[in-house]
Amino acid sequence: MKSSDALAAPRRRKPITNWAIRHVSTAIAALGRLSRQPFASLMTVLVIGVTLALPAAMHVVIKNAQVISSSWNNALDFSVYLRTDVSLDNAQRLVNIVSQRADVESVTLVSAEDALREFREQSGFGDALDHLSRNPLPHTLVVRPSAANTEVSMGLLNEELGNLPEADFVQVDTEWVQRFHAILGILERAIAIGAALLAAAIIVIIGNTIRLDIQNRREEIEVTKLIGASNAFVRRPFLYIGMWYGLGGGLLALALVRYGLYALEEPVNRLSGLYSSAFSVLALDLSESLIIAGAGVSLGLLGSWLAAARHMRRIEPR
Amino acid sequence: MIRIEEVTKRYPGGHDALKGLSLHVEKGEMVFVTGHSGAGKSTLLRLIALIDRPTGGQVIVDGQNTRRVSRRKIPAYRRQIGMVFQDHKLLYDRPVFDNVALPLVIAGIGHREAARKVRAALDQVSLLHKEKQSPETLSSGEQQRVGIARAIVSRPKVLIADEPTGNLDPDLSLEVMRIFRRFNEVGVTLLIASHDIALIDQLGCRRIALANGALAVEKEEDPVAEYIERMEAEQGQDHWQA
């Protein structure tokens, strides 16, 4: 034995370093305690993971639905079909007039010829069209309202476009898009409420697990307090256990969502291929992933803190 | 070092465990508190350890009046006192080393310094070679020595022990008492509750006899009191009330 070692003054560390070392070692010890009961620990993590994955997955669905529906802004355009006796020149003049309006962003003229050509290419009825003696299609103005429009001013615009002498009829197919957006809005709200309830459930689950743990270690807590441990000291390992449960659950939730999206990717791509759309599924981005993992950690800490605050104080040496 | 002044302790239900007890343990003294069960030995130690608070009177340890130690300050107060228990109160889910290190971990002492102190404490109770074992694998006497090592590892000025030899056979009891004596020789103040009169007499320390929550006799040699006490200890009955 080196006596010089024992006699040397103990190396002084900065208090903050000591503090950090204590916390890290408590955190590792808590992880070690969990790993000694792998089955029970995994069950808890699984419950938390699934509970967190539900709102996360719903959020991803809504997010993708919003992306898809935003590409449907075209559907909000007015198609003003002109009477068939309106000439191309008059139609062109009308474009200039309508595009002056403040509530109109742009006006595109689709001439009867263009419309026919497009129809021929896309419909597959090209051969049938060859038998027609004349072009049955009218010139069409595609009017895109400016973004500042409200529902009322949209209605007004619709009416005024219909009143143009050259207009045959105006087609707007906005209602179902609006309904869809309204449904998405409701769903989003419902998910937020559901997420809050599930968060409460997670706090209860973790709190209950920690409560049982505290009861099982009652004697240890008593002895530790008897030889001078503060409430904070005896609480600390339980907070770390709660944190690990939460973090494990959060990471599991991310993995579940990721796997779910992976499983959906191929059929979604096939579907968007059928619509000749470039849409591809949006996964959780980094900040969303951090929020989910962070939510797990926070709920774990909160649940264990509540349980510890409630049950720890009552355990005093007898 | 330990000053008990006019201390009364009434437990809920009206039982008076201590009735105006006064006693004084000098710095560096080793004092035994004797008396049959129910005489107030354990209550006295509980008041010193701040597990309970007195109903009346003052308990002053190393100049600190326990009345002025707030609930939040109790842990810091307890860290200044070494405590040894009849049932050892070891933690059986961790090895001997970790048990002894616990007070140092609580006090936030760095790992290297703690390891050095733990080994020193284990060396003093001759258990250095068993530091990696679980307390469960040790004999009762060895477990009590681990408990003592834990009590002295942070070098407290005061050590209190409640029936430290209560579960041990005579040889082991003597060994434990010798260890206490060695601490006393290096300046630790000890207050030990025990009913093992014969053993105490071998050590030749001051003895404070309690009966019914008050001082019975405070003399080193009093054959009559000793006889009465011995009878009480053996019979576990209260002749004073009869």
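## The sheet of chain A

In this predicted model, chain A contains an open sheet of 4 strands in the order β2-β3-β1-β4, with antiparallel pairing. The strands β2 (104-110) and β4 (167-171) of chain A stand at the edges and have a single partner strand each, so one side of each is left without a neighbour in the sheet. Averaged over the sheet and with direction ignored, neighbouring strands are turned by 20 degrees against each other.

Inside this arrangement, strand β1 (residues 78-82) of chain A and strand β3 (residues 140-145) of chain A run antiparallel and are joined by 4 bridges. Helix α4 (residues 88-99) of chain A lies across β1, β2 and β3 of chain A, and its direction makes an angle of about 170 degrees with β2(A).

## The nonpolar cores

The largest nonpolar core has 67 residues, and those with the most contacts inside it include B:I48, B:V100, B:V118 and B:L190. Helix α3 (residues 96-107) of chain B gives the most to this core, contributing 7 residues. A second, separate core has 32 residues, among them A:I48, A:V60, A:I202 and A:L252.

One residue of the largest core, B:V118, shows how its surroundings are built up: when residues up to four places away in sequence are not counted, B:V118 touches B:F97, B:V100, B:A101, B:L104 and B:V153.

## Helices of chain B

Helix α3(B) and helix α4 (residues 111-124) of chain B have axes that come within 9 Å and cross at roughly 125 degrees. The two helices are therefore oblique to each other, and α3(B) passes α4(B) in a right-handed crossing. On the side of α3(B), the contact is made by B:F97, B:V100, B:A101, B:L104 and B:V105, while α4(B) brings B:A114, B:K117, B:V118, B:A121 and B:L122. In an α-helix there are 3.6 residues a turn, so residues three or four places apart point the same way.

Helix α1 (residues 41-48) of chain B is mostly covered, with 7 of its 8 residues buried. The buried residues of α1(B) include B:K41 and B:R46 as well as B:L44, B:L45, B:L47 and B:I48, and B:I48 is also one of the residues with the most contacts inside the largest nonpolar core. Just after α1(B), B:L50 takes a positive phi of about 60 degrees.

## Positive phi values in loops of chain B

B:R155, in the loop between α5 (140-152) and β7 (158-162) of chain B, has a positive phi near 50 degrees. B:R155 counts as partly exposed because it has 13 C-beta neighbours inside 10 Å.

B:N212 lies in the loop between β9 (206-211) and β10 (214-215) of chain B, and its phi is likewise positive, near 55 degrees. With 17 other C-beta atoms within 10 Å, B:N212 is partly exposed.

## Where the chains meet

The contact between the chains takes 16 residues from chain A and 15 residues from chain B. On the side of chain A that touches chain B, α2 (15-35) and α9 (218-226) of chain A each supply at least two residues. Of the elements on that side, α9(A) gives the most, with 4 residues.

Technical notes:
Residues are numbered from 1 along each chain as its sequence is written. Chains are lettered from A and ligands numbered from 1 in the order in which they are written. This is a predicted model: local features need pLDDT of at least 70, side-chain atom pairs count only at pLDDT 80 or more; totals for chains, interfaces and linings use all residues. A residue is buried if 20 or more other C-beta atoms lie within 10 Å of its own, exposed if 12 or fewer, and partly exposed in between; C-beta atoms are placed from the backbone. A nonpolar core is a set of buried Ala, Val, Leu, Ile, Met, Phe, Trp, Tyr and Cys residues joined through C-beta atoms within 7 Å. Two residues are in contact if their C-beta atoms, placed from the backbone, lie within 7 Å. Two strands pair if DSSP finds at least two bridges between them. Axes are lines fitted to C-alpha atoms, for helices over the stretch in contact, and angles run from 0 to 180 degrees between N-to-C directions. Angles under 35 degrees count as roughly parallel, over 145 as roughly antiparallel, 65 to 115 as roughly perpendicular and the rest as oblique. A crossing is left-handed if the near helix is turned anticlockwise from the far one by less than a right angle, and right-handed if clockwise.
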